[in-house]
Amino acid sequence: MNTPLVEMKNVSIAFGGVHAVDDVSIELHAGEVVGLLGHNGAGKSTLIKMLSGAYKMDSGEIWIEGNRATINSPRDSRSYKIETIYQTLALADNLDAASNLFLGRELTTPFGFVDDSRMEAETRKIMARLNPNFKKLKEPVAALSGGQRQSVAIARAVYFNAKILIMDEPTAALGVHETAMVAELIGELKKQGLGIFLISHDTREMMDLCDRVSVMKNGKMVGTERVEDVTEDDILSMIILGKNPKASS
Amino acid sequence: MSDNSTTGSPHNAPQKRSFLQSLEVDLRLLGMIGAFFGICIIFNILTDGRFLTPRNIFNLTIQTVSVAIMATGMVFVIVTRHIDLSVGALLATCTAVMGMLQTAWLPQVFGLELGHPLIPWITILAGLITGALIGAAQGWLIGYQAIPAFIVTLGGLLIWRNVGWHMTDGATIGPLDKTFILFGGINGTLGVFWSWIVGISATGAALLAMWSGRNAKVKHGFPVKPVWAEITMMAVISTIILGFVATLNAYAVPERVVARNPSLYGCETAEGCVVAYGIPYSVLVLIAVAIVMTVIALRTRLGRYIFATGGNPDAAELSGINTRLLTVKIFAMVGVLSALAGVVASARLGYHTNDLGTLDELRVIAAAVIGGTALSGGIGTIYGAIIGALIMQSLQSGMAMVGVDAPYQNIVVGAVLVLAVWIDIQYRKRVGAKS
């Protein structure tokens, strides 16, 4: 295979003596969905937060498209076309959809003022594509339903032409219909050549959506397998026992 | 009427809208203005019509300016979930610096003689820089060192009040420069002609802004107000601006004041010389501050980040906003505004005194909160804070005019503060439940 889109090599981070992520390596290719599985506290979210710039790793390297990357802040991460949809959605509840979509990257007029009309028009366009039922453009996002809030968070990632997308529990707060919409979107983005890291607890969902799954336990990488090579039971035993049955057999 | 609300946006089905909805007036703003007028009318009745005279409205206006200037900055502080208890003390340190500069340091150390035309401007600039530096230092402690704002500014309250005292050896400094005191209020006004010019230009600018705002909406195909609603709003705003100017212009300079120096008012002799005050310079300063702060809040990235940080600090951080530097900027802004308020306050007295601005921090916070700024963060408006300051001041001077004893005045003001916040919470609950 050609150069991976993202390569995290021997990454470690500790919080006050606790090795949240311990010497983990993982790679992601263009047009691929890689799932991260594991118990709560296994280190999945911590691992991707180093990629999205929320945490600074203690040791290890990140390579983006074959080049060594330095990611010290969310802004750095964005400059490598990495977009993250956080479990908490990271929305400012008091602002409207357009302000949230462009937060930190506002469109401005030639005089340097924020151009609310243009941002609202752009938001309308992208929302028409992602969630045609989305109408509440003027309201603070606090007034939106879980699914609508999710689509604002997704729109933020999609609008800025991400190459690498990180989705932390994207369907946790959603209903059946909205979950299907997210799955469809993941398929579409994959076709466009994006690389996607997906975090979820739902093993079955992961088997459907991902090309490969990586299982973590206690901050260590248990193993990475192609979904067609393993059964759901294999994955479950990796999560619970922390051992890769394929590797030992 | 072929308004664009139906043609411009197909997804916005035409629906019956109430009168107020069509006007797109903020209900909370309407409530505050209603409360303000209610207070004015009650006091006017209780004082047999002495409250709503041009003279009293003029005084009320210039008494409000200092607190209102600081309150606009306090909005940003409270919106980002901080608090600033040091504004009154900071004001005193800045006026001490400005007082000492113009009466002692500049004349004695730099050899500028008293009354030199540069003195007031150097002084004001130095005062603003002092405020900015102290504010930025406090912001750094809060943003970068993560000391709670309450503690940093509580310390600041004790420190800066007494740094000012130390600089002046506790003495009252003055009289202040002749040009400097023009910013105090009654000592410096525009006069009738220029007041009308300012009033008419302001009206023109407001109408132009509303019209171009409407056009921008039409261009993007957004729904707009019906034309009649637009015209009603324009009429209301023009009436308010021009009515305010007319009121200030109706306050004639007392004859004995004219008699002291008729030439100052463009008359040969005091005989038959009728002149009015018009808009005080200090009010122009407040208006300029209000406009700049509103533009920052609504039209700049800085303002957007302030509100985003207040709404969700983590989201702001993850969106790449440097929230720590933002904190420094906000507190530096409050510092500058405290210094500016200090210019107005000391110029109004004509002296720097050590108790200048005492308890102002509480008045400023109360003004911002009465004006609808939520202590939980993320919500607040500049105009609200200014109306809040006006409400506080009119309550206080109204009660003084009626003859309520000072302790009772404070009891009422305290009760009003709590009541205002309670009403605001109830209002938000209702609105939140509906949407």
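# A tour of chains A and B

Start by selecting strands 4 and 5 (residues 67-69) of chain A: the two run antiparallel and are joined by three bridges. Strands here are DSSP runs of E with at least two residues, helices are runs of H or I with at least four, and both are numbered from the N terminus. Two strands count as paired if DSSP finds at least two bridges between them.

Before going on, a word about what is on your screen. This is a predicted model, in which local features need pLDDT of at least 70, side-chain atom pairs count only at pLDDT 80 or more, and totals for chains, interfaces and linings use all residues. Residues are numbered from 1 along each chain as its sequence is written, while chains are lettered from A and ligands numbered from 1 in the order in which they are written.

**Stop 1: the strands of chain A**

Stay with strands 4 and 5 of chain A, which form a hairpin with two residues between them. Click on Glu65(A) in the turn, where phi is positive, at about 50°. Then pick Trp63(A), whose bridge partner in strand 5 is Arg68(A).

**Stop 2: all of chain A**

Of the 249 residues in chain A, 44% are buried. Buried means that 20 or more other C-beta atoms lie within 10 Å of a residue's own; exposed means 12 or fewer, and partly exposed lies in between, with C-beta atoms placed from the backbone.

**Stop 3: across to chain B**

Switch to chain B, which has 17 helices and zero strands. Chain B has a radius of gyration of 23 Å, close to the 22 Å from the globule rule for 435 residues, so it is as compact as a globular protein of that length. Buried residues make up 41% of chain B.

Where do the chains meet? Select the 24 residues of chain B in contact with 24 residues of chain A, contact meaning that C-beta atoms, placed from the backbone, lie within 7 Å. Helix 8 (191-219), helix 12 (301-311) and helix 13 (313-318) of chain B each supply at least two residues to this side. Helix 12 gives the most, with six residues.

**Stop 4: the nonpolar core**

The largest nonpolar core has 168 residues, and those touching the most other members include Leu198(A), Ile69(B) and Ala367(B). Such a core is a set of buried Ala, Val, Leu, Ile, Met, Phe, Trp, Tyr and Cys residues joined through C-beta atoms within 7 Å. Highlight helix 14 (residues 323-349) of chain B, which gives the most to this core, with 16 residues. Then zoom in on Ala367(B): leaving aside residues up to four places away in sequence, its contacts include Val67(B), Ala385(B) and Met392(B).

**Last stop: Arg256(B)**

Finish at helix 10 (residues 255-260) of chain B, where Arg256(B) lies. Is Arg256(B) buried or exposed? Arg256(B) is exposed, with 8 other C-beta atoms within 10 Å.

Key
Rg over C-alpha atoms; globule rule 2.2 N^0.38 Å. Contact = placed C-beta atoms within 7 Å.
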